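Trainee: I have a structure to go through before the group meeting. Can we take it in questions and answers?

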Amino acid sequence: MPEIRVTPLGAGQDVGRSCILVSIGGKNVMLDCGMHMGFSDDRRFPDFSYITRNGRLTDFLDCVIISHFHLDHCGALPYFSEMVGYDGPIYMTQPTQAICPILLEDYRKIAVDKKGEANFFTSQMIKDCMKKVVAVHLHQTVQVDDELEIKAYYAGHVLGAAMFQIKVGSESVVYTGDYNMTPDRHLGAAWIDKCRPNLLITESTYATTIRDSKRCRERDFLKKVHETVERGGKVLIPVFALGRAQELCILLETFWERMDLKAPIYFSTGLTEKANHYYKLFIPWTNQKIRKTFVQRNMFEFKHIKAFDRAFADSPGPMVIMPGYCVQGTVGHKILSGQRKLEMEGRQVVITPTLPPPALWNPCWAAGVMQVEYMSFSAHADARASCSCGQAEPENVLLVHGEAKKMSFLKQKIEQNSVGKPRRGRACEGGFSRACADRARHLAEALSTPPRGQLLYAANGETVTLSTSPSIPVGISLGLLKREMAQGMWAGHAGWGGAAAGQVAPQTAPAPAPAPASQGYSRMPRSPGSCRHPIMKDSNFRLVSSEQALKELGLAEHQLRFTCRVHLHDTRKEQETALRVYSHLKSVLKDHCVQHLPDGSVTVESILIQAAAHSEDPSTKVLLVSWTYQDEELGSYLTSLLKKGLPQAS
Amino acid sequence: MDPECSRLLPALCAVLVDPRQPVADDTCLEKLLDWFKTVTEAGPSLLLLQENPCLVELLFRVLKAHDPRPRVLSFSLRLAGLFAAQEDCFQYLQVTPSSSVSQQGELLPMLFGESGPLGGAAWTAPTVRSGWLQGLRSLAQHPGALRFLADCGAVDTIFSLQGDSSLFVASAAGQLLVHILALAMRGPAEGHPSPQGCDWPACAQKIVCHVEDSLRSTATPQVTQALNVLTTTFGHCHSPWTQGLWVRLSPLVACLLEKDPIPASHSLVDLLLSVARSPVGSSDCGLWETLAQTLSHLSPTQAGPLALGILKLQDCPQALKTQAFGVLLQPLACVLKAAAQAPGPPGFPEGATGDSITVDTFLSSKSACVGLLCQALAHLELLQLLPQRPSPWPQAPLLRAAVAILRFCHGSAAPTSDVGGHLCAVLAGCVRVQRAALDFLGTLSQGTGPQELVTQVFAVLLEYLTSPDSSPMVLKKAFQATLRWLLGSPKAPSCCDLDPHTQLFLGELLPVLRKRLCSPCWEARDSGLEFLTQVTRHWGGQAAFRHALLASEVPELTGQLLRDPESYVRASAVTATGQLSSWGLYATPTGPEHPEVQQESLFTELLHILSTDSEGFPRRAVMHVFTQWLKDGHADVAEDLEQFVARVLQAASQDLDWEVRAQGLELALVFLEQLLGQPGSRCPYAVALPEAAPPATLAQVLQALCRVQLFEFALRALFDCDRPVAQKSCDLLLFLKAKATPCGGPQEAGASPDVVSVEAALQRWQAGEQGQPLGELEPEAVMAVLRSMDLEGLRGMLAKSSDHMEKSPQSLLQDMLATVGVLGENEADCY
């Protein structure tokens, strides 16, 4: 039975180090190749030894696909390609290709400059890695090889983020990467067509969360910033996620313009500045509003926001707004968790007074002068949106990039929903709060098209295996099909052998070949390997390959050959004429295989030339030329060449 | 343990066992375990537990929790294993009941026995199973542990975990079995136990019997598991008992070869090679027969890795090596046969004639054909580089095969057989094979070949460089292979110039290079520039090359690429022009007869890039070029050395990229070394010379350093916010201090210098006010300040990573405690 196997090496039931191996139709694809921001040793990268034990990496993997430029999705890429030794193709969208090296350089800077790591990938390695990248356009079907094809869909989340459909034959998997179904100030909503994959691998970061209205959060944010600035204070917004920085810049820029504020806004001259360059370039990837107005004004050409110089920095305060989660081991984490004593780079010690409980997210910092606020501006799909990917109508769903307990809860809710309406008011299930349970119920209800198969999740290292029933195109004559359908043979696939008895997509042949009296048989398609044929013997239908059908029916494959007669004036014998033809063609067609066969005929590739005597004129020889339609061009050329006559023998 | 950590630990343990408190992310627990590992490795675990009873309490409480959280349970299992690694602590945990928890019992059996998590709902979480295995792995260090494992029935559970759905768990289970086997065979059993196993310890006997059963199994996964356990065993354990083990198991392994198809062939190959590499291999003649038999039984794709492994072995019968080499050559022999215009032996050794099985593989499917070819090419590439590669090495047929494959891929080969026609259809445009074949062809440049073949090699390379169908990656590899062949080509006997064939090829290559430098694809332009840099580095002095290059438009185009929209390309163009200029090949309309004009213009242009380019890569490249020019004593740089250094340092000091500033210090160090000599003799046998510079010279040098504002640059860099810059500056100033100190400072001769302004500036810079200039400097004042500074102390401080405070265990414990109650909606928030 054909199967799809999925093994997360990272981000199975956690966030960070996204790396998922998919095996589909004999092809192996790696989805994302991220780093974990919580570790600074070997554990920061996925454990690739589980792939290398299968032999050479480049032989084992058919391609790597990167969903977007965030480091938890691409941070291990130079290590994987230049240090572990993957030499195959890497697919990503153009904006991702442009911005990825900026983030990788920044990551390298932190590792090498700040943490003093010696054995880290170099700038040259980043460049060499980026040279292996093949850029893909949205909705463009990219043929990785004859059998494997991929297609990118818009994912929102950050500039250039894409969901990918991976398809081999009739089997397919969709990987969402990180996505956002709600358009924000610079990006549109994720969209995918009804591609009905066997498996949808979707992120579930906010699987059980339905976040507050974005408008409210933005209003709150602007209010806080405005109040502080009005009081003559400063606001520091350490944005660690690219994309979110641009979103906040647009938010502030628009607000400044509307309120006609004069206070300067600066952004740090690093990552954001470099990335802004590409944000200005890739306008087609932004939302409709920005695309419409960019001729008058490119929204990323900020009027009020200027580049920041470190020299401007003096004392901090009085407000810090953290627009995202910080990992343990960082100053940001300490500030967010309300710690009062900080030592940064061994230079500064900031003492904060005793404060109200940090759970209020409002601890003052530096003698009551500084406030710290945490406000999520994450660009992930929340519970409602997670379900919207149901528009792809997947057969099965695998949740990744989230927490196991929440995934399990979500699964339970969705299963309840698919059976019947959820029971109202039931809460505090599985250790979750009432609010959480309500959110999950909301999610389950929102899932308009629940998966027909299973909703799955797998820990890192765990393999999920799905048996599939691939659609196999079948060539069959219309008459036979109608007759057998009338007899009810097709309903239960009675008497069919093999694993192919799944979905049958009958092909009506335009010119069915005559079938033997007692056997159903259809025209041979051009690519026998890709198609199966029903044969009926002893009142039984069986599905077999074209070759097998021919063999069992004792038939030979039809061949179509063009023929032509060329008259040559030549008094010699036929054999000598043939020899002259051979010598002539050999000298003219150096790049082709010209052969003189023992029976006197001459072949050039599939073209056969025989010399015969003219029935009426002994001084004329007739060249009988025949060729298959594959060599039609060469055949025509040869005919015209021979019509010009043979060179005089020396 | 640090007293502060000891103080924080009880609170943390309380948080971990409290089901209402969300646990900080997995990374915290991992880091906590890392810390406990270092603590237990540094001192007695028993003492640690006695001084911190909260730890045992934690283990008990987690165990007794109604619904333990998987990650905390996993953490506890691993923690218990770490403690129990020391025998006294192991015994303590075996018998010690909890002091305050109502339930009592022996802790370790409760954790790892059948009554523990094994039977609970949490066992379904892979992290718990993994923690259980890792805990046992840490624990299994002493004989007591073996008895414990036997008593609690752990070994049977490990057997079952070999087939776990999680790769990580299954792999850990296999490794643990090997570890237990090695532990059991250590001590009294060590030596030469009988193969029958009657004198083997019970635990070892049990494991070996399980392996035997698995090898006899008809289920391939079980066979694979057994083979993997044995592979690790023979790879890691080299004691004499492994010989007995092989004697006992080799008949079963041999039986696998009789099956059709051979089960778990990949694992079987790994095992045989592992045995062959171990001491067992040298003592068992039967092994070579098994290897030979395996080679002939496996399919060409399966046999490839085994053949390569055999050829890598040091001591191995020649016949077996010949057979293995034949296996590797088969696919290429098939290609040669398919491509041969006229019948005749392809020139490979006997045994590699393109057998029918290989042909069948080629014909079976496109992916099989491509896979086999790529594998063969990669294996032969590896082999070519090894000292023990087969001799004589069939260089000529290999070259012919590589060329034929590349022609098949390119569609320029004329097949003469069905197989040839099939190969043509399958390989046409196949990037994967093109990459592999070009890599292989490049490696073959280490050897020679008949001129006719070398001409074919260059012809096919030129085809690829010219073809519009070549993908950027293929093009890059084609450039790399071309470079290797060019640099490996023989010199003309008469002089050290290039031979006529190479010159001829250059004539064809340079127009292609020129075209590629104009490619719309940045990868192609960049690969072209990288090639140009390398070839110029090696051939810049060759008259024929110089002539051909100057006659082409390549140098001018390279100059134009300094303004390429792609920063990677600009950086490569900087490196290339720098290299061309070093050889006087950076062409301008004035021609090579006026190098000073060009040099000035290039220097100015590169300086402009250094000052204005928005991207770091080109600016870094400029600094590399300037440093190299300085090192090489480039005539035009030497003309006004101080002016050159001053301008470059001024631009570098203002750069936002730390690597540019660090490279500026590198250049400053080169300048300093040229003035004062090397930092110290690196040769231990060299005659010791006085390291300090004579005072008169030193005074002049210090004046020069002041003039180029090197001091200001270095002192400012000392307080740079980027650590490597500060570190480099510290090293540079220490070098200067060492050179100046032994001779005494110039200040001894006169009045004490005015150091106030320098010290004030330093304080300002240290406080982060980098904008303040230093103004005119007196060398004496600088030296006095340097002498007073604790540069060694600063260097020690800089050696620590910027997050060393955050990485400390104390910080970790504080963070974990601080997050209690504040982990809410933001916990899952991320990028």
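Trainee: Where in chain A does A:R17 lie?
Mentor: Remember first that this is a predicted model. A:R17 is not a glycine, yet its phi is positive, about 60 degrees. As for its place in chain A, A:R17 sits in the loop between β1 (3–10) and β2 (19–24).

Trainee: Now the two chains. How many salt bridges cross the interface of chain A and chain B?
Mentor: Start with the contact itself. 90 residues of chain A touch 69 residues of chain B. The buried area between these chains is about 6,800 Å², and carbon and sulfur atoms give 49% of that. Across this interface, the salt bridges number 14.

Trainee: Which residue of chain B forms a salt bridge with A:D87?
Mentor: Side chains of opposite charge can pair when their charged atoms come close. For A:D87, the closest N and O atoms of the pair are 2.9 Å apart, inside the 4 Å cut-off. The partner is B:K477.

Trainee: Why does that pair join two chains?
Mentor: Place each residue. A:D87 is in the loop between α4 (77–84) and β5 (90–93) of chain A. B:K477 is in helix α26 (residues 472–488) of chain B. The pair therefore joins two chains, with its ends in that loop of chain A and in helix α26 of chain B.

Trainee: What is the N to O distance between A:K131 and B:D526?
Mentor: Their side chains meet in a salt bridge. Over all chains the structure holds 55 salt bridges. For A:K131 and B:D526 the N to O distance is 2.8 Å.

Trainee: On to helix packing in chain B. How are α19(B) and α22(B) oriented to each other?
Mentor: Helix α19 (residues 318–339) and helix α22 (residues 395–410) of chain B have axes 9 Å apart. Their angle is about 65 degrees, and the perpendicular class runs from 65 to 115. The two helices are therefore roughly perpendicular.

Trainee: How many charged residues are in the contact of α19(B) with α22(B)?
Mentor: The α19(B) side includes B:L329, B:L332 and B:V335. The α22(B) side includes B:R400, B:I405 and B:F408. The contact has twelve nonpolar residues, no polar ones, and the charged count is one.

Trainee: What is the orientation of α19(B) to α21(B)?
Mentor: Their axes are 9 Å apart and the angle is about 125 degrees. An angle over 145 would count as roughly antiparallel, and 65 to 115 as roughly perpendicular. Thus α19(B) to α21(B) is oblique.

Trainee: Which handedness does the crossing of α19(B) and α21(B) have, and how many residues in the contact are polar?
Mentor: The crossing is left-handed. Among the contact residues are B:F325 and B:P331 of α19(B), and B:L372 and B:H379 of α21(B). Twelve are nonpolar and none is charged, while the polar count is one.

Trainee: And how does α1(B) run relative to α4(B)?
Mentor: Helix α1 (residues 3–17) and helix α4 (residues 54–64) of chain B have axes within 9 Å. They cross at roughly 5 degrees, and angles under 35 degrees count as parallel. That makes α1(B) to α4(B) roughly parallel.

Trainee: Last one. Which residue does a cis peptide bond join to B:S391?
Mentor: Another cis bond joins B:D260 and B:P261, with B:P261 in the loop between α14 (241–257) and α15 (265–277) of chain B. At B:S391, omega is about 0 degrees. The residue joined to B:S391 is B:P392.

Definitions and conventions. Residues are numbered from 1 along each chain as its sequence is written. Chains are lettered from A and ligands numbered from 1 in the order in which they are written. This is a predicted model: local features need pLDDT of at least 70, side-chain atom pairs count only at pLDDT 80 or more; totals for chains, interfaces and linings use all residues. Side-chain values use heavy atoms; hydrogens and water are left out. Axes are lines fitted to C-alpha atoms, for helices over the stretch in contact, and angles run from 0 to 180 degrees between N-to-C directions. Helices (H or I, at least four residues) and strands (E, at least two) are DSSP runs, numbered from the N terminus. Contact means heavy atoms within 4.5 Å. Ala, Val, Leu, Ile, Met, Phe, Trp, Tyr, Cys and Pro count as nonpolar, Asp, Glu, Lys and Arg as charged, and the others, Gly among them, as polar. Buried area is the accessible area (1.4 Å probe) that two parts lose on being put together, summed over both. A crossing is left-handed if the near helix is turned anticlockwise from the far one by less than a right angle, and right-handed if clockwise.
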